[in-house]
Amino acid sequence: MRGIVINPYTKTIEEVIIKKNDINSVYSAMTWLGHEVSIVQVAFVLPQGDNLLVDEEGALKMGRPVWKLNGIAFVGCGLFLGSDNDGANWCSAKIPMADLHAYTTWTTIVSTGEVDTDRLPHEVR
């Protein structure tokens with residue numbers, strides 16, 4: 001199935017093939033040069049059903065690049081996958097690449113590995 005990786009290490013947005021029902025394929029797509037991903041979370045769901053998956057522990061790791069999607073900050077790689085009608089199964093992402101390019105902003109900020117409990121992760125500036 002078609003996934004889209006947002007890679008802040010290389011500042012690229014690329015289509016990838018994700019094996020259906022294979023979480024290791026998801027982890028592999030989001031791992032970059034030793035910056036392993038082992039737990040993902042759905043950051044949000046778009047109206048057409050696409051899900052943005054992010055490294056759940058990304059902000060807890062030092063030196064991970066921060067990027068923004070429509071002004072909301074994320075740490076480490078992100079992966080867009082679609083979901084079926086009831087949201088129970090992953091499927092190919094539907095969002096056009098041009099939309100992701102238009103709404104993605106690269107920053108020079110990196111994670112410190114520290115968490116400020118008074119702020120939500122998306123409030124990182």
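Trainee: How many helices and strands does the chain have, and in what order do the elements run?

Mentor: Please bear in mind that this is a predicted model. The chain has 2 helices and 9 strands. Read from the N terminus, the order of the elements is β-β-α-β-β-β-β-β-β-α-β.

Trainee: Which percentage of the residues in the chain is buried?

Mentor: A residue counts as buried when its relative accessible area is under 20%. The chain has 125 residues, and the buried share of them is 38%.

Trainee: Among contacts between residues at least 6 apart in sequence, what percentage joins residues at least 24 apart?

Mentor: The chain exposes about 7,100 Å², of which carbon and sulfur atoms supply 53%. For the contacts you ask about, those between residues at least 24 apart make up 57%.

Trainee: Why is strand E7 described as largely enclosed by the rest of the structure?

Mentor: Strand E7 covers residues 78-83. Gly78, Phe80 and Gly82 point one way from E7, while Leu79, Leu81 and Ser83 point the other way, and all are buried. In a regular strand, side chains alternate between the two faces of the sheet. E7 is largely enclosed because the number of its residues that are buried is 6 of the 6.

Trainee: Which residue stands opposite Gly78 of E7?

Mentor: The strand to consider is E1, which comprises residues 2-7. E1 and E7 run antiparallel and are joined by 3 bridges. The residue opposite Gly78 in E7 is Ile6.

Trainee: In E7, what is the bridge partner of Leu52?

Mentor: Strand E4, residues 51-55, pairs with E7 in the antiparallel sense over 4 bridges. Within E7, the partner of Leu52 is Phe80.

Trainee: Is Asn7 buried or exposed?

Mentor: Asn7 lies in strand E1. Not counting residues up to four places away in sequence, Asn7 touches Thr12, Trp32, Cys77 and Trp106. Because its relative accessible area is 7% and the limit is under 20%, Asn7 is classed as buried.

Trainee: Which residue has its backbone nitrogen 3.2 Å from a polar atom of the side chain of Asn7?

Mentor: The side chain of Asn7 contributes a polar atom to this pair. The backbone nitrogen, at 3.2 Å, belongs to Thr10.

Trainee: Where does Gly76 lie, and which residues does it contact beyond its neighbours within four places in sequence?

Mentor: Gly76 is in the loop between strand E6 (72-75) and strand E7 (78-83), and at 2% relative accessibility it counts as buried. The C-alpha atoms of Gly76 and Glu56, 20 residues apart along the chain, are separated by 9.6 Å. Leaving aside neighbours within four places in sequence, the contacts of Gly76 are Pro8, Tyr9, Arg64, Pro65 and Trp67.

Trainee: Which residues make the nonpolar surface patch of about 240 Å²?

Mentor: Val42 is one of them. Val42 is placed in strand E3, residues 40-45, and is partly exposed, with a relative accessible area of 41%. The patch is made by Val42, Val45 and Trp90.

Note on methods: Residues numbered from 1 in each chain as written. Predicted model: local features only at pLDDT ≥ 70, side-chain atom pairs only at ≥ 80, totals over all residues. Heavy atoms only, no water. Buried < 20%, exposed > 50% of the residue type's maximum accessible area, 1.4 Å probe, protein only. Contact = heavy atoms within 4.5 Å. Areas by Shrake-Rupley, 256 points an atom, 1.4 Å probe, with all protein chains shown as cover. Polar contact = N/O pair within 3.5 Å; in protein donor to acceptor, adjacent residues only side chain to side chain. Patch = residues over 30% accessible without salt bridge, like charges linked within 9 Å, V, L, I, M, F, W, Y side chains within 5 Å. Salt bridge = Lys/Arg side-chain N within 4 Å of Asp/Glu carboxyl O. Pairing = 2+ DSSP bridges.
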